[in-house]
Amino acid sequence: MKLLLLAGVAFLSFPLIAQEITSKDSIPKIKDQELKEVTVYGNRKQFLKVESDKTTVSVKDNPMLSTGNAFEVVKKLPGVIATPSGGLTLNAKGISIYIDGAPSSLSGSDLENYLSSLPASAIEKVELIYNPGAAFEANSSGSIINIIMSSKRLKGINASFNINYNFNKYQKPSPQILLNGKEKNLSWQTMLGYNYIDSETLQRNVQTFTALGNQKLRQENLSVNTNRNLYFRGGTNYRLSKKSNLLFNYNLNLANDRSVFDAATFGDNISYLNDGITKTKNSNHEISLQYKTKLDTIGSTLDIIGFSNLFDRNPITKSNAIDNIANVNSFNNANLDFTLQNYYLKYDFAFPFDKSKFSINTGGKFNVLNVGNLGNYNFNSPNLSTIDFDYSENNLAFYVEARKKIKKFSFTAGLRFEDFRVKRTAVKEGEKINIDFTNSNFFPNLSALYEITQDINLSASYSKKINQPNYNSLDPNNGSNFDQYNASQGDPLLDPTFFDNYEFKISAMDFVQLGVNYSTSKDNNLFVFSADANATEPVSNQTFQQFDRFSTFSAFFNFPIPLDYFLKGKEEFQKRMNTIDKMNYIYLSINYIKSDIEGYDFPYSNKAIMNYAAEAQFILPWGIRNSMTYYILPSGNWQIYKVTKPIQQFDISFSKDFMNKKLKIGLHAFDVFNANNVNALIAGQNLETTFYKKDDSRVFRISLTYNFGNLKLDKDNTEIQTEKVQSGGGILK
């Protein structure tokens, strides 16, 4: 360990974008009247920065990250685990996705599809915020991943063309062009791209219905999916004065997707075949207007932002089925009309008092969210059945957060007030469920940090959070494939979940982390397979179930192995200390996770689960950079799900720059051994399910990026920055 820390003085782990950071002494003086971002420069390139409250990961120019999409980036971040149930966690805690500091209002497959449409090449960096403070939404189960898109503002007109050509048995091209420029007080950026992705998913279930004498169903579903989307992202930054800026952004995403499915169900006197097609069109509009101003010469600032998100989706399903034993034809036709409107207005004040080593932040937000989903169904009948779901939420919030540094100690204390007013209405076959409730709560956060040395910090934190059930969990409509033996629906009766999150961590050399998390929750909502005890036929229902008490303990350890120190010797290693993109190394991440559910009897032993991940970089002759990643999730228990076989994946990439870095070409292979699949056992009410899922994850990619125009990008908005005004703790500078 001592050797790792010694080598880590210059080794800032994880093969990500090269960025320059200068020592504090070389910061150029900034005129008192000018509004500029605070930037710390240095003489070494930094790929990843670990702080007490967050980790900042650069994405740009990393061939393993920047050639894919935002969803692929998130899944490859240190400490992020893709769960057997399809969700994502960070150090065993649930994740809320933010984009450019704004929380996404989408959830479930809508959020995954949206992230899959965002090109990773347009991402500047990603912030992993482990225990967010009062400045962030209380509606977060524990962790936040903030995706910060590129915002280059260079004189003249500049452009970057990028294309990713993905292939296996399907072809998957994704071209993109990025234009940006600056003229006097106006800077702007425009991104336009298109994705055409074909893929397939195979799913098998063996289900035992305990209330029906252990009757079994064997099911298989193969779906071939086509995802087509056109996206546009435009933004401007107008400098109103030396103290004020006005920023405007408009983002558009249009999708036209198709899923062709072929399903079969077999059991006692059951031989059911079902095939059909689902076509889905959706559009997503995001508009934001932000005003930023500097209030005085000591750094006090005011930010005001107005944001709106308009999203709609219209899946249409047509299927034809036959029961071979009963020789009966059946069908399932569905037409859904889903709409979402989200509006919010927020403000943030920052008041630093450098002489006293004290700062205070305060702000507020008002948010309105409306969701509607009207489903029309023809299920083995010409008669039309309808499910009408409506959800509305008003959220008013205020917060205050103070930071104080006393010698080697830094303290943070915050309090956030959240008032939720929620209405849910679901009408099905004439039966109406109407739920109105109000949640008014205070959410405190506390953190303390001790500087053991200049390079080693010890920190502890606590936060209280709430997780309102999202529309994907509540909506009784179903936009996926189902038949007479399978149903899927949300539960409009779910209560919000309250979390108490504790964290203790040691950070060293800006890249080593050793820590533990403990979270307890009340009324946690988990996705389960269940069956009706009074049913006369075997029907599997996929829905969300509430568990009274749920706790999770996790430990994590992230550290690098500087291979050049061993392979090249200490002298050569020191020569490469300031050129991290020319070094050979391995970065390791280890997670231990154990969950307990009060009042739930596990039908199998409650074994903790481990996760191991490694990312390596090797510099080959002729300036070729080789990157490799490998992760494995061995068998064990994940919440109520038992992973019966390891989940693993190995990726490899080769990249090289040409024409003075104007042209970048990469060759990539993902899931080389085609080993990424899920095998799990899920014990639900009156039903035990053995679950298998396999995506066509083995994909080969050719990436090409060409930049032209003003290419002086080394110090223009590409730095990893510490934005303490929005963080939940850390050292007060």
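Leaving aside neighbours within four places in sequence, which residues is L115 in contact with? Select L115 and find out: the partners are N69, A70, F71, I97, I99 and I147, where contact means heavy atoms within 4.5 Å.

Before going on, some ground rules. This is a predicted model, so local features need pLDDT of at least 70 and side-chain atom pairs count only at pLDDT 80 or more, while totals for chains, interfaces and linings use all residues. Residues are numbered from 1 along each chain as its sequence is written, and side-chain values use heavy atoms, with hydrogens and water left out.

Buried means under 20% relative accessible area, exposed over 50%, and partly exposed in between, using a 1.4 Å probe and protein chains only. Helices (H or I, at least four residues) and strands (E, at least two) are DSSP runs numbered from the N terminus.

In soluble globular proteins, nonpolar side chains tend to be buried together.

**A buried glutamine**

Now jump to Q649 in strand β33 (residues 647–658). Q649 is buried, at 11% relative accessible area. Its side chain makes a polar contact of 2.7 Å with that of N676; the term covers N or O atoms within 3.5 Å, within protein one able to donate a hydrogen and the other to accept it, with residues adjacent in sequence counting only if both atoms are side-chain atoms. Not counting residues up to four places away in sequence, Q649 also touches K76, T629 and Y630, among others.

**Rings**

The whole structure holds 22 aromatic pairs. Phe, Tyr and Trp rings (the six-membered one for Trp) pair if their centres lie within 6.5 Å; planes under 30 degrees apart are stacked, over 60 edge-to-face, the rest tilted. Zoom to F527 and F544, an edge-to-face pair at 5.5 Å centre to centre and 70 degrees between the planes. F527 is partly exposed at 22%, whereas F544 is buried at 17%.

Last stop: R313 over the face of F338, 4.4 Å from the ring centre.

Conventions
Lys NZ or Arg CZ within 6 Å of the ring centre and 35° of its normal.
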